[in-house]
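Here is a quick tour for anyone meeting this structure for the first time. Keep the 3D view open and follow along, stop by stop.

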Amino acid sequence: MPSAGHLTSLRVPLAIRLANKQRAFHIVLSAASKVLLLTVVLCLTLPAGTALCQERAIPPGKLGETIALGREISLNTAQHPLSKPYKGNALNCSSCHLKNGTDLNNLPYAGVAAAYPAYSPREDAVVTLADRISYCFMRSMNGIQPPVDGAMVTAIAAYITWLSEGTAIKMNSVAALGPNSMKQINVNPDDVNLENGRKVYEGQCAACHGEHGEGVKEIQLPEASPGGSPPLWGNNSYNKGAGMYELQKAASFIKSSMPYAAANLSEKDAADAAAYINSKERPDFVLKRHLPKAAPRVKLSD
Ligand code: HEC
Ligand code: HEC
């Protein structure tokens, strides 16, 4: 079974950088063993170029175990026994939340917990972090809403909260999004060119994601989550209710992060590739299909 094993062989820490106005944060993830393996070094690069780093280990005891469990589920969502019953495609959370939420360039978990409860315009409601995690199961993972007070969602919330430790609480009254959320590029939906999108896809994406967007299991990049290169459309991909189905979000993700580890597209090519991917077949989002079946009634005579 694929696991965090590929990370355990990392001897050289992995440094991820994000230029954040005048300063940059680095997160260095080093893994020593499979259990209680996580140490995060959070570095703040000062304007002078010197770095201020603070190493943080996961807390001891049950809390640390829960954080490590959440990290494993987020990395290996499609196969982990606790998340498998709730997912509906071949993706992991970390297929999009790259480097398991520690890549500050796209959809990081860092800081997210400091924004919740937050107002979600999509739900027209104030939602908790646990709710938000459950929506990614229903939409991005095309699955069933897991219990928001269950052990599985709690473990993922613990992992996200641990990565958010130290971030000042700043509730969000306009969007269910944390302080480091993806840098959005300008996209004009009337200006996208599907033919150019197809060319970009075939030239720069198909080698990893497959000729028909089906993903390629055999292409397992060393720092990527288990399961190979993930599908981009079809029944094993995100559904039409997912954030990634929105042109603006997919284009911004592709601009910042794809081709994997070598993002180099112009904003125009990223937008055209996003439109092309989202013009392909994928599951519709029908809310009631993603809600848990009602608990069976217990007969009084039983
Ligand atoms: C297909 C890509 C994809 C997958 C898979 C995915 N997500 Fe997301 N996730 C997104 C996008 C895109 C957003 C931002 C949506 C927006 O801008 O409204 C997001 C937002 C979130 C947020 C809110 C972030 C914030 O800044 O407030 C959380 C938490 C989250 N996802 C957790 C998860 C978890 C846990 C899983 C796995 C069960 C998961 N996601 C799977 C694409 C994905
Ligand atoms: C070198 C291989 C490679 C190339 C080339 C590549 N990707 Fe990816 N892509 C990946 C991997 C691997 C992931 C998942 C990372 C993980 O699981 O840690 C991913 C994730 C994604 C995702 C989010 C997950 C999903 O399945 O929806 C999108 C969208 C995406 N890529 C689009 C593109 C586009 C568009 C291009 C071309 C511009 C591209 N990729 C080029 C390897 C690649």
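Predicted model: local features only at pLDDT ≥ 70, side-chain atom pairs only at ≥ 80, totals over all residues.

## Around ligand 2

Next up is ligand 2, with 30 residues around it. Cys205, Cys208, Ala224, Pro230 and Tyr260 are the ones that come nearest. How many charged residues are in this shell? There are no charged residues here; the shell divides into 22 nonpolar and eight polar.

H3, helix H7 (194-204), helix H8 (206-209), helix H9 (247-257) and helix H10 (267-278) each bring at least two residues to the shell. As for the domains, domain 1 (59-164) and domain 2 (189-278) each provide at least three residues of the shell around ligand 2.

## H6 and its two partners

Helix H5 (residues 129-138) and helix H6 (residues 151-164) have axes that come within 10 Å and cross at roughly 110 degrees. Angles from 65 to 115 degrees count as roughly perpendicular, and H5 and H6 are therefore roughly perpendicular to each other. The crossing of H5 past H6 is right-handed. On the H5 side, the contact is made by Leu129, Ala130, Ile133 and Ser134, and on the H6 side by Val153, Ile156, Ala157 and Ile160. In this contact of H5 with H6, seven residues are nonpolar, one is polar and none is charged.

H6 also meets helix H2 (residues 61-75), with axes that come within 7 Å and cross at roughly 100 degrees. That makes H2 roughly perpendicular to H6. H2 brings Leu63, Thr66, Ile67, Leu69, Gly70, Arg71, Ile73 and Ser74 to the meeting, while H6 brings Met152, Thr154, Ala155, Ile156, Ala158, Tyr159 and Trp162. By class, the contact of H2 with H6 splits into ten nonpolar residues, four polar and one charged.

## H9 against H10

Now hop over to H9 and H10, whose axes come within 8 Å and cross at roughly 125 degrees. That makes H9 oblique to H10. H9 passes H10 in a right-handed crossing.

Who makes the contact? From H9 there are Leu247, Ala250, Ala251, Ile254 and Lys255. From H10 come Glu267, Ala270, Ala271, Ala273, Ala274, Ala275, Ile277 and Asn278. Ten residues of the contact of H9 with H10 are nonpolar, one is polar and two are charged.

Finally, a few spots in the loops. Most residues other than glycine have a negative phi, and most peptide bonds are trans. Where do we find proline 117? It is in the loop between helix H4 (98-101) and strand S5 (118-120), and a cis peptide bond joins tyrosine 116 to proline 117, with omega at about -5 degrees.

There is a cis bond between methionine 258 and proline 259 as well, where omega is about -5 degrees. Proline 259 sits in the loop between H9 and H10, the helix pair that crosses at roughly 125 degrees. The last stop is asparagine 142, in the loop between H5 and H6. Asparagine 142 has a phi near 45 degrees, which is a positive value in a residue other than glycine.

Key. Residues numbered from 1 in each chain as written. Chains lettered and ligands numbered in written order. Axes fitted to C-alpha atoms, helices over the stretch in contact; angles between N-to-C directions. Helix = DSSP H or I, 4+ residues; strand = E, 2+ residues; numbered from the N terminus. Parallel < 35°, antiparallel > 145°, perpendicular 65-115°, else oblique. Left-handed = near helix turned anticlockwise from the far one by under 90°. Contact = placed C-beta atoms within 7 Å. Nonpolar A, V, L, I, M, F, W, Y, C, P; charged D, E, K, R; others polar. Near = placed C-beta within 6 Å. Domains from an automatic or database assignment.
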